[in-house]
Amino acid sequence: MPKILRLMFRLLAWFVGAILFIIIATLGFFAYINSAPAWSAYRPGIERGIEQQEDGSLLFEIFQGESAYNVGKRLAAAGLIRSRFAWNLVSRFSRETVKTGFYIINKPETMLGYYDKFTRGQQLQIRITIPEGVTLSKIAQLLERSGICKSQDFMLAAVNRELLANYRIPGSSFEGYLFPDTYLFPKGFKPEKIIALMVETFFSKLKGIEPNAAALAPKDLHEKVILASIIEREYRQDDEAPLMASVFYNRLKIGMALQSCATVEYIITEIQGKPHPEVLYFKDIAIQNPFNTYIRPGLPPGPISNPGMVALRATFSPAQTNFLYFRLIDPTEGRHHFSKTLEEHKSAGLIYVKRSAGSK
């Protein structure tokens, strides 16, 4: 073989070898960059949206509108991936976007593993529906039965003074401000975060009903929430909610007692801890308690339930009537008779009580 050919083959071999070395070195480097750091590399508390759970797992939150670039930055800062630059390179060439939500990280994962989890939206979340008109205690029970958090922990968070102050709520608890809706919560989600999400949903929905609600003084808003919580427990037909609001507003104007059976039911079930009554008797409406609006004029000390859209809208936009009375005339359909005078208002020996999902 001519000398020149041997030289060419030797150069080609060196060139191929160099290319293979570069490829292997690159693959090795990427394998290292992609590999999961040791769990001990995690730096808790250094980045928002990453919290260590009681079982040792991590709860990672991707915020609404957050970019993949920022997610990678937080992962790297917390020691969960080795290089945010490699993350950015992957996200640049990928057509997938990270999905907003909460993710459970049970063990160290590769960079590509995180990217796949976040772009596919593999969230370990429990769907829970909070019915309209339920109370704090019943929400706590629902959350515990769903395995999201302990009832006792939720109730303690619901009276957290610092958290109440953050939302300028003058009451002693979040009763009335936890918007009834369908939520997705991770198992083991902190009660404070559950409350924050539900309260923020409440204010978001309220803004859609009354754009100027944010300008109300906390005390004025609180009074409307109290009234909405009563209407929520009284109405069953949507079209009657504004009429009930008008009755209560008319009574408040003249200093007349609201005489809401829902407030008495609240005393029996939530304060006395007794079963929900099918009917109320005169001995029930004579119970000595500040929440009893039969014997005490004005609004009760606080909300008696967590109202939904219909009751809130009726409170902010009541019907304009001269009605001062209403009574349930059809327990099956939930229809009421509204009247202006006591003569029109046919008193009954029994007062029917609305039964709802929140009172079963």
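Is phenylalanine 102 buried or exposed? That is a handy way into this structure, and the answer comes up in point 3.

1. First, what you are looking at. This is a predicted model, and the chain has an average pLDDT of 87. A score of at least 70 is reached by 90% of the residues. The stretch to treat with care is residues 356–360, where pLDDT stays under 50. For that stretch the model has ten contacts beyond four places in sequence.

2. Now the aromatics. The structure holds 15 aromatic pairs. Take phenylalanine 102 and phenylalanine 189: their ring centres are 4.8 Å apart and their planes sit at 65°, over the 60 degrees that edge-to-face asks for, so this pair is edge-to-face. The two partners come from distant parts of the chain, 87 residues apart. Phenylalanine 102 belongs to strand 3 (residues 101–105), while phenylalanine 189 sits in the loop between strand 5 (182–186) and helix 8 (191–209).

3. Back to the opening question. Phenylalanine 102 is buried, because its relative accessible area is 14% and the cut-off for buried is under 20%.

4. Tyrosine 177 is buried, with a relative accessible area of 1%, whereas phenylalanine 203 is partly exposed at 27%.

5. Some rings join up into a group. Phe60, Tyr103, Tyr114 and Phe118 are linked by ring pairs into a cluster. Keep Phe60 in mind, as it returns in the next point.

6. Strand 2 (residues 58–62) deserves a look of its own. Five of its five residues are buried, and both of its faces are covered. In a regular strand, side chains alternate between the two faces of the sheet. Here Leu58, Phe60 and Ile62 are on one side, with Leu59 and Glu61 on the other. Glu61 is buried along with the rest.

7. What does strand 2 pair with? Strand 1 (residues 50–52) joins strand 2 through three bridges and runs antiparallel to it. In that pairing, isoleucine 50 stands opposite phenylalanine 60.

8. Two charged residues sit over rings. Arginine 48 lies over the face of phenylalanine 63, at 4.1 Å from the ring centre. Lysine 224 does likewise with phenylalanine 316, at 5.3 Å from the ring centre.

9. Last, the cysteines. How many disulfides does the structure hold? The count is zero. If you want to look at individual cysteines, cysteine 149 counts as buried at 11% relative accessibility, and cysteine 261 counts as buried at 8%.

Conventions: Residues numbered from 1 in each chain as written. Predicted model: local features only at pLDDT ≥ 70, side-chain atom pairs only at ≥ 80, totals over all residues. Heavy atoms only, no water. Phe/Tyr/Trp six-rings, centres within 6.5 Å; stacked < 30°, edge-to-face > 60°. Helix = DSSP H or I, 4+ residues; strand = E, 2+ residues; numbered from the N terminus. Buried < 20%, exposed > 50% of the residue type's maximum accessible area, 1.4 Å probe, protein only. Lys NZ or Arg CZ within 6 Å of the ring centre and 35° of its normal. pLDDT = per-residue confidence, 0-100. Contact = heavy atoms within 4.5 Å. Pairing = 2+ DSSP bridges. Disulfide = S-S within 2.5 Å.
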